[in-house]
Amino acid sequence: MLAYKKTPPELWSGRTSEQKLYLHEKVHCGTIDEIEIAENQKTIVLLGYACDEGVKRNQGRIGAVNGPDTIRQSLGKFPNHLEDDFQFIDCGTILCPEGKMEQAQEDLSQTIAQLLSLNTFPIVLGGGHDIAFGHYQGIKKHLGNKKIGIINFDAHFDLRLNTPGNTSGTPFYQIAQECQKEGAVFNYMCLGVRRDANDKTLFETADSLNVKYLETAHFNMHYLEHVQLILMQFIEDVDHVYTTLDLDGFSSAYAPGVSAPSPMGFAPNIVLESLRVIMDSKKLISLDIAEMNPTYDSDGQTAKLAASLVHYVMHHK
Ligand SMILES: N=CN[C@@H](CCC(=O)O)C(=O)O
Ligand SMILES: [Mn+2]
Ligand SMILES: [Mn+2]
């Protein structure tokens with residue numbers, strides 16, 4: 001691995017108790033090689049991807065390099081409702097030395113494949129949305145020829161052509177290209193797409209790649225039944241689901257701390273309802289949260305939202 005940082009346990013802090021009432025008291029920090037898993041034990045592993053090189057290349061506002069630690073600091077203060085025999089591990093952060101995004105993605109991919117082979121459930125904290133390319137590669141390494149469905153909650157398709165180079169705006173185009181080369185189906189759904197944040201060519205690319213998507217106007221509680229239905233139909237067609245949550249899909253009223261904010265973005269309740277459908281399917285193999293940018297956060301509210309999402313997923317696994 002090119003660059004990696006073990007999480008210092010002091011990063012996790014909060015109220016103290018005798019009964020591990022808080023997540024900072026439940027978590028164990030260690031490298032992937034130190035993880036010991038008892039047979040049949042449920043294990044959730046947090047992994048950081050501290051990289052905003054892709055955002056920089058995409059002409060965005062940098063700062064997401066500090067996303068993973070900020071989410072950890074917020075999450076540590078949350079209550080722990082996990083069963084005693086449930087393991088919660090923080091296996092550190094993949095770093096991205098200046099300009100080395102592709103190497104960081106490769107390191108992420110290797111680590112994800114290893115975590116999945118250990119039968120754990122990874123939750124990756126970003127970092128720019130280039131996290132998705134590395135994360136997907138790792139899942140694919142582990143699953144071989146199985147059908148992977150990608151569900152992205154995002155204001156953006158992130159289907160920009162990577163001919164000028166890979167960025168935080170190209171991950172799903174890169175995956176689509178790879179699927180095409182291998183003669184595999186590209187199973188990609190994007191929920192919360194903003195017409196005012198994706199140009200005409202991106203909609204054309206999405207259509208030509210048979211991407212399933214819902215625009216923000218139709219991704220809210222008024223359309224709950226429809227949202228549930230299209231999610232169930234999408235999930236039925238694949239063997240496993242990889243979910244990626246780009247915080248910039250949320251309205252900036254909820255998530256100001258991102259590289260590219262969305263004043264007219266979606267609200268948390270429809271995301272939680274969607275996550276419930278995904279988790280009930282029992283096909284969710286791995287998840288990440290992208291684009292946490294503490295530089296632009298206000299009163300830690302985006303970090304808290306990200307931590308709430310992690311908390312929700314952890315407690316429904
Ligand atoms: N990760 C994706 N980012 C968006 C950025 C949009 C913007 O700069 O406003 C994209 O490329 O589409
Ligand atoms: Mn994105
Ligand atoms: Mn986005």
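This is a predicted model: local features need pLDDT of at least 70, side-chain atom pairs count only at pLDDT 80 or more; totals for chains, interfaces and linings use all residues.
Select helix α4 (residues 101-117) and helix α5 (residues 131-143): their axes come within 7 Å and cross at roughly 40°. Helices here are DSSP runs of H or I with at least four residues, strands are runs of E with at least two, and both are numbered from the N terminus. The axes are lines fitted to C-alpha atoms, for helices over the stretch in contact, and angles run from 0 to 180 degrees between N-to-C directions.

Residues are numbered from 1 along each chain as its sequence is written, and chains are lettered from A and ligands numbered from 1 in the order in which they are written.

Stay on the helix pair and show side chains. Residues of α4 that meet α5 include Leu 108, Ile 112 and Leu 116, and on the α5 side Ile 131, Phe 133 and Ile 139 are among them. Contact requires C-beta atoms, placed from the backbone, within 7 Å. The residues of this contact divide into eight nonpolar, ten polar and two charged. Here Ala, Val, Leu, Ile, Met, Phe, Trp, Tyr, Cys and Pro count as nonpolar, Asp, Glu, Lys and Arg as charged, and the others, Gly among them, as polar.

Next, select Asn 119, in the loop between α4 and β5. Asn 119 is not a glycine, yet has a positive phi of about 65°. Asn 119 is exposed, with 12 other C-beta atoms within 10 Å; the cut-offs are 12 or fewer for exposed, 20 or more for buried, and partly exposed in between.

Move to Gly 127, in the loop between β5 (121-126) and α5. A cis peptide bond joins Gly 126 to Gly 127, with omega about 20°.

Now go to Glu 291, in the loop between β10 (284-290) and α10. Glu 291 also has a positive phi, near 70°. Is Glu 291 buried or exposed? Glu 291 is buried, with 32 other C-beta atoms within 10 Å.

Finish at Phe 172. Leaving aside neighbours within four places in sequence, Phe 172 is in contact with Ala 132, Ile 150, Asn 152, Phe 157, Asp 158, Leu 159 and Tyr 188.

Terms used:
Two residues are in contact if their C-beta atoms, placed from the backbone, lie within 7 Å.
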